[in-house]
Each structure stands twice: as C-alpha cells, then as structure tokens.
Amino acid sequence: MTRTVHDLSREDGIRAAYAEHGAELYRYALRQLDDEGAARDVVQETFLRAWRAADRYDPSLASLRVWLFAITRNVVIDEARRRSLRPASPQPLDVLTALGPSTAGEDDATVTGWLIEEALQRIRPEARSALVETYLRGRPYAEVAAEQGVPVGTLRSRVFYGLKALRLAMDEMGVEL
C-alpha cells in the first residue's frame with residue numbers, strides 16, 4: 001500500500017504506517033541493539049521523526065518502507081552511540097533464537113543494499129551501469145569500457161561522477177553512511 005505525505009501527517013496515517021511496518025522495524029532494531037526496550041524506543045522515535053518530517057517525505061525518492069528503514073537505521077546508530085557510553089545489559093538468548101538465523105551484520109547489509117538500490121535508480125543510466133559493473137561487481141575497467149563501446153577514461157569519469165551522484169541521492173533520501 002502506498003502512503004502519501006498527507007497520510008503521515010495525520011494520526012490515522014501514522015497508525016496505518018505503524019501497522020504496516022512497525023513489527024519489521026522493531027525486529028531490525030532488536031537485532032541491531034539486542035535490547036527489547038531500546039528496540040521499542042527506536043521504533044517510537046522512528047515514527048515520531050517520520051511524523052515530524054512528513055512534509056519532507058517524497059515518494060518519488062524512496063518508498064515509505066525504505067524511508068522508514070533509513071530513519072530507523074539512523075536512530076539505531078544514535079542509540080548505539082549513546083549506549084557505547086555505558087555498558088549494556090545482556091538479553092536472554094531465546095529472544096535472539098526466536099528471531100531466526102539472521103545476524104545483525106546481515107540485517108544492516110540488507111537495509112544498506114535496499115538504500116543503495118533506491119539511490120542507484122536516481123542517477124543516470126550510464127553512471128549506474130558503470131558503477132554496477134566496475135565498483136559493485138569488480139569487473140576490470142578495460143573490459144567494461146569495451147563492452148559499452150567507450151574509452152576507459154570515459155568509463156572512469158562515469159564512475160567518478162556516478163559516485164558523486166549516488167552520494168547526493170543518498171543524502172536526499174536522508175541516509176547517513
């Protein structure tokens with residue numbers, strides 16, 4: 001279900017967004033922080049920030065789900081920094097076992113992958129192709145340049161400017177990497 005900016009600024013819109021994405025955001029925060037209370041606080045802070053920033057949400061930049069995960073990721077980072085100043089209390093192992101075999105690192109990589117994929121859709125196709133082939137897939141510049149029918153220098157420029165455009169797109173999406 002697609003939500004609009006006006007939905008998020010109303011109480012029923014936030015409730016609907018919470019019903020649709022709250023549990024998934026909670027599981028992500030719990031896996032990252034290993035603390036049920038902190039995970040609940042992260043989700044609450046996520047929806048508070050989303051409500052406050054509803055006028056800045058642009059569905060053409062990212063889906064509501066991706067936008068909420070970006071906010072959650074930032075709140076998790078803030079919470080982890082805050083917690084690093086004091087020792088954390090251990091959680092029972094059965095809570096983590098019930099969540100499945102996924103690890104915190106895998107979850108973070110998954111969210112990062114979603115965010116990068118969204119941002120890649122925002123840049124020029126030539127730059128996107130150059131980045132995917134050389135930077136993400138690790139293929140040699142000469143091979144990719146020959147395949148695309150451009151000089152190696154042109155491909156290097158596309159990668160350089162593609163990375164700049166990707167950073168800008170991620171900034172516009174509110175992603176802090």
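1. Let us start with Thr72, a residue of helix H4. Setting aside neighbours within four places in sequence, Thr72 is in contact with Leu25, Tyr28, Val42 and Thr46, where contact means heavy atoms within 4.5 Å. Thr72 is buried, and its relative accessible area is 0%. Here buried stands for under 20% relative accessible area, exposed for over 50%, and partly exposed for anything in between, with a 1.4 Å probe and protein chains only.

2. A word on the model itself. This is a predicted model, in which local features need pLDDT of at least 70 and side-chain atom pairs count only at pLDDT 80 or more, while totals for chains, interfaces and linings use all residues. Residues are numbered from 1 along each chain as its sequence is written, and side-chain values use heavy atoms, with hydrogens and water left out.

3. Now the overall layout. The protein chain has nine helices and zero strands, and from the N terminus its elements read α-α-α-α-α-α-α-α-α. Helices (H or I, at least four residues) and strands (E, at least two) are DSSP runs, numbered from the N terminus. Of the 177 residues in the chain, 38% are buried. Taking contacts between residues at least 6 apart in sequence, 68% join residues at least 24 apart.

4. What does the largest nonpolar core contain? This core has 46 residues, and those touching the most other members are Phe47, Trp67, Leu68, Leu115, Leu131 and Met173. Helices H2 (11-33), H3 (36-52), H4 (64-83), H6 (104-120), H7 (125-136), H8 (141-148) and H9 (152-172) each supply at least two of its residues. H4 gives the most, with nine residues. By nonpolar core we mean a set of buried Ala, Val, Leu, Ile, Met, Phe, Trp, Tyr and Cys residues joined through side-chain atoms within 4.5 Å. As background, nonpolar side chains tend to be buried together in soluble globular proteins.

5. H9 has 21 residues and reaches 30 Å from its first C-alpha to its last, close to the 30 Å expected at 1.5 Å a residue; the expected span is 1.5 Å times one less than the number of residues. Its buried residues are Leu155, Val159, Gly162, Leu163, Leu166, Ala169 and Met170. Seen down the axis of H9, these buried residues fall within an arc of 130 degrees, so they line one face of the helix; the arc is that of the directions from the helix axis to the C-beta atoms. On the face turned away from the buried side sit the exposed residues Tyr161, Arg167, Leu168 and Asp171. Just after H9, Gly174 takes a positive phi of about 85 degrees.

6. Please look at Leu163 and Leu131 together. Leu163 lies in H9 and counts as buried at 18% relative accessibility. Beyond its neighbours within four places in sequence, Leu163 is in contact with Leu131 and Tyr135. Leu131, with residues up to four places away not counted, touches Leu120, Ile123, Leu136, Val159, Gly162, Leu163 and Leu166. The C-alpha atoms of Leu163 and Ala130 are separated by 9.8 Å, although these residues are 33 apart along the chain.

7. Next comes helix H7, where Ala127, Ala130, Leu131, Val132, Glu133 and Thr134 are buried. How accessible is Glu133? Glu133 has a relative accessible area of 11% and is therefore buried.

8. At 24% relative accessibility, Glu24 counts as partly exposed. Glu24 touches Arg65, Phe69 and Trp114, with residues up to four places away in sequence not counted. Glu24 and Arg65 are 41 residues apart along the chain, and their C-alpha atoms are separated by 9.7 Å.

9. Finally, the largest pocket. Its volume is about 310 Å³, and of its 16 lining residues, the closest to its centre are Ala53, Trp67, Ile71, Met173 and Gly174. H4 gives the most to this lining, with five residues. A pocket, on a 1 Å grid over the protein atoms alone, is an open set of points where a 1.4 Å probe fits, with protein on both sides within 12 Å along at least five of seven lines, and lining residues have an atom within 4 Å of a point. The volume is the space filled by probe spheres set on the points, which are joined across faces, edges and corners.
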